[in-house]
Protein chains: 2
Amino acid sequence: MKAEIVAVGTELLLGQIVNTNAQYLAEACAGIGIDVYYQTVVGDNVDRIVSALRIASERADIVICTGGLGPTMDDLTRDALGIHVGAELVMDEDGMRKIEAYFAERGAVMVESNRRQALTLAGADVLPNDTGMAVGTALRRDGKLYVLLPGPPRELKPMFDRYAKPWLRANMNDALPLFSKSLKFAGIGESGLEHALLDLIESQADPTIAPYAKEGEVMIRLTSRASSEAEAFAKMADTEAEIRRRVGDHLYAEEDVSLDAVIVRLLRERGATLAAAESCTGGLFADMTTSHPGSSEAFAGGIVSYSNAAKTALLGVPKALLSGPGAPGALSAETAASMAEGARTRLGTTFAVSFTGVAGPGPSADGKPAGLVYLGVAEEGKATEVRELKLSGSREIVKLRACRAGFYELWKRLR
Amino acid sequence: MKAEIVAVGTELLLGQIVNTNAQYLAEACAGIGIDVYYQTVVGDNVDRIVSALRIASERADIVICTGGLGPTMDDLTRDALGIHVGAELVMDEDGMRKIEAYFAERGAVMVESNRRQALTLAGADVLPNDTGMAVGTALRRDGKLYVLLPGPPRELKPMFDRYAKPWLRANMNDALPLFSKSLKFAGIGESGLEHALLDLIESQADPTIAPYAKEGEVMIRLTSRASSEAEAFAKMADTEAEIRRRVGDHLYAEEDVSLDAVIVRLLRERGATLAAAESCTGGLFADMTTSHPGSSEAFAGGIVSYSNAAKTALLGVPKALLSGPGAPGALSAETAASMAEGARTRLGTTFAVSFTGVAGPGPSADGKPAGLVYLGVAEEGKATEVRELKLSGSREIVKLRACRAGFYELWKRLR
């Protein structure tokens, strides 16, 4: 069945808060086989909410609203749905008793407007609010399903999971639920991946094949309807095998997980350790590595050696490499190798990666172009290797892409 | 004028990503006097995008689309707008040359689909993409304004600020334009700031006073309509003076700029230099510092000393501080001070900051709670100081809040 999520709140339209409820509900819907086709955000205005409900109910079977169930005059979602479906507002006695009890327990005077939070619609099912006061509403009318949920995420999430989701499952008349599998790739771009799989993508039916790219990560999601996950995965098997045959060399995970998370996991599994020597990436590689709980077991430390003095003092890079006649200089394969080896030996780790280059936006003082990065990888008992990268994008993106290339090199050694 | 933001992308409908672009654009629109009445999210389906554009253009004067400008067959926003307004797709030659140059520079073969990223519509103005490949489009048609922006925030934000915003100002026909002034605060939370300014916020008229909080940064935006910026600022003067009287001690900038950017600027202006010694922040402080062009003049380097061995080897923290009977241990004010001093003397800088603590999510092995962080600040010719922080939030937020506290301590010394 097709759904639309309607979030109500002027604070969303002003950009004061991010619509995380829409993401939560969209993902939760996908998980139970509800296809979300549209999301709408509308302000605290009853005419515009009614208009949004009308459009939503014309193009979807299920309309899930969030926000606008509170006690103030700005909370108009119930009123708008009442107008849209032609139903009276009625008081939910259980909800009202709970609100009265809340104030009585605290010896507080209840402002009359709080009664509004116990309002629902005639003929509707009430969704209890275990973590707040405003009751939710679930209504079947003219073949459409309507669900009203409160705006605060700590009220919305439990209400959806405990009460709205079972109500939807019971009231939906769909045949089969939906199951998905995510495949994540490294060392290949979105267009490269799509090029390799173009005929599969163009002729997709069941399973569907959707490529995703975000911030340099590339993912393929296979999706199929079936009576069980095992049956869905069986339907995907041939397609997945063909994808693996073509680009399996770049496949690093069968779930939506970042490459840096996989590297931390692989290091811990193998009892291996890692150090970093960063110039142009400025600490981002260490930051990404240490963003994962438990990374302290695998990551010994890093050195951000922005200045030449720091490269010599902290990493032992020979001065003769950095300056003087005929010296390769800080931006060179030789310096990258020396940095990686310096970090590895000083911190006594299995691996060390190093980055020296030009993050940009402009070229370096000696005219090297922005995006030129030397990536060094030192490994215990092996020769140090250096890759020359030519990266594009803003300063931030060059830093990020250099780090991803570093994780990719580690992954090739650890997989 | 009324606007609608239309975000295109099945990954939004599936809840794989949060629609942060809508928030960014909503806030940016509010700043230039554009009222956003609706936001819509639609998937990568040309018919549904056309339908969303039709509805949006019926209820708004300005339609701002994000996403769907990439190279793949799923990128359909240009095509949909072409259908909606009846305009042909045309190649932007400048954009095409930039894409070709990108591949030529890298000696890479350009997949044909990349040409799509240089497509715009006949009669439209092209919005250059300084941080990516897909060009943006700005079109005036039948009294409506249409703007197409790429989905990745790193491309969308500079394109909107540098090119779409001036285009909108030039093409809007509002009576009086809106002018805003942003005041940014450090070392005070949103509720503390709101508490201090509550009567001003409640009685606001012209200028309006809007508090914003995101990721631990707090901002007040004053907004007024006037015939010129000077006139608008004159209308704001009394309110601003009163705000300064109450919370001026926390005011670090009169524009929407991050505290770390201000620190890098102040260091450069004073010819001062900075080093960092990071344990629990894991490189984030160095990464934030080096995210600013020109930071290499001020930031000598940093040490990410996750292990005790790294603290001793790279920073000279005495082993007796770290372990043994009665030793204060790694998570202590003494170690934070020693780390800051070690970084400052080894890198010969004016300042050094250090962080040692528990990023979480759980407590440390010796039972110290997540969020406990010792922040050390060493300064040439002064006694080293240490602050004990008790931070809340996820691992990521604890890291971020600790770094912000470090920048705040530097700001108090540099302002």
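Buried area is the accessible area, taken with a 1.4 Å probe, that two parts lose on being put together, summed over both. The legends below refer to a predicted model.

**View 1. The interface between chain A and chain B.** About 5800 Å² is buried between chain A and chain B. Carbon and sulfur atoms give 57% of that area. In terms of contacts, 76 residues of chain A meet 70 residues of chain B. The polar contacts between chain A and chain B come to 30 residue pairs, both residues of a pair being at pLDDT 80 or more. On the side of chain A that touches chain B, 35 residues are nonpolar, 26 are polar and 15 are charged.

View 2. The side chains of Lys399(B) and Asp287(A) form a salt bridge, with N and O 2.8 Å apart. The rule finds 2 salt bridges across the interface of chain A and chain B. Over all chains, the count by this rule is 60.

**View 3. Strand pairing between the chains.** Strand S2 of chain A (residues 35–42) pairs with strand S2 of chain B (residues 35–42). The sense of the pairing is antiparallel, and there are 5 bridges. Within this pairing, Val41(A) is placed opposite Gln39(B), a residue of S2(B).

View 4. An unreviewed UniProt entry annotates residues 4–170 of chain A as "domain: MoaB/Mog". Helix makes up 42% of the chain over residues 4–170 of chain A, and strand 23%.

**View 5. Asp142(A) in the loop between S7 and S8.** Asp142(A) is not a glycine, yet its phi is positive, at about 55°. The loop that holds Asp142(A) runs between strand S7 (136–141) and strand S8 (144–149) of chain A.

View 6. Glu242(A) and Arg245(A) form a salt bridge, and their closest N and O atoms are 2.8 Å apart. Both residues belong to helix H8 (residues 229–247) of chain A, and because they are 3 residues apart there, about one helical turn separates them.

**View 7. Two cis peptide bonds in chain A.** The peptide bond between Asp206(A) and Pro207(A) is cis, with omega about 5°. Pro207(A) sits in the loop between helix H7 (190–202) and strand S10 (208–214) of chain A. A cis peptide bond also links Gly360(A) to Pro361(A), where omega is near 10°. Pro361(A) belongs to the loop between strand S15 (351–357) and strand S16 (372–379) of chain A.

Note on methods: Residues numbered from 1 in each chain as written. Chains lettered and ligands numbered in written order. Heavy atoms only, no water. Contact = heavy atoms within 4.5 Å. Salt bridge = Lys/Arg side-chain N within 4 Å of Asp/Glu carboxyl O. Polar contact = N/O pair within 3.5 Å; in protein donor to acceptor, adjacent residues only side chain to side chain. Nonpolar A, V, L, I, M, F, W, Y, C, P; charged D, E, K, R; others polar. Pairing = 2+ DSSP bridges. Helix = DSSP H or I, 4+ residues; strand = E, 2+ residues; numbered from the N terminus. UniProt positions renumbered as here; feature names shortened; annotations may be inferred.
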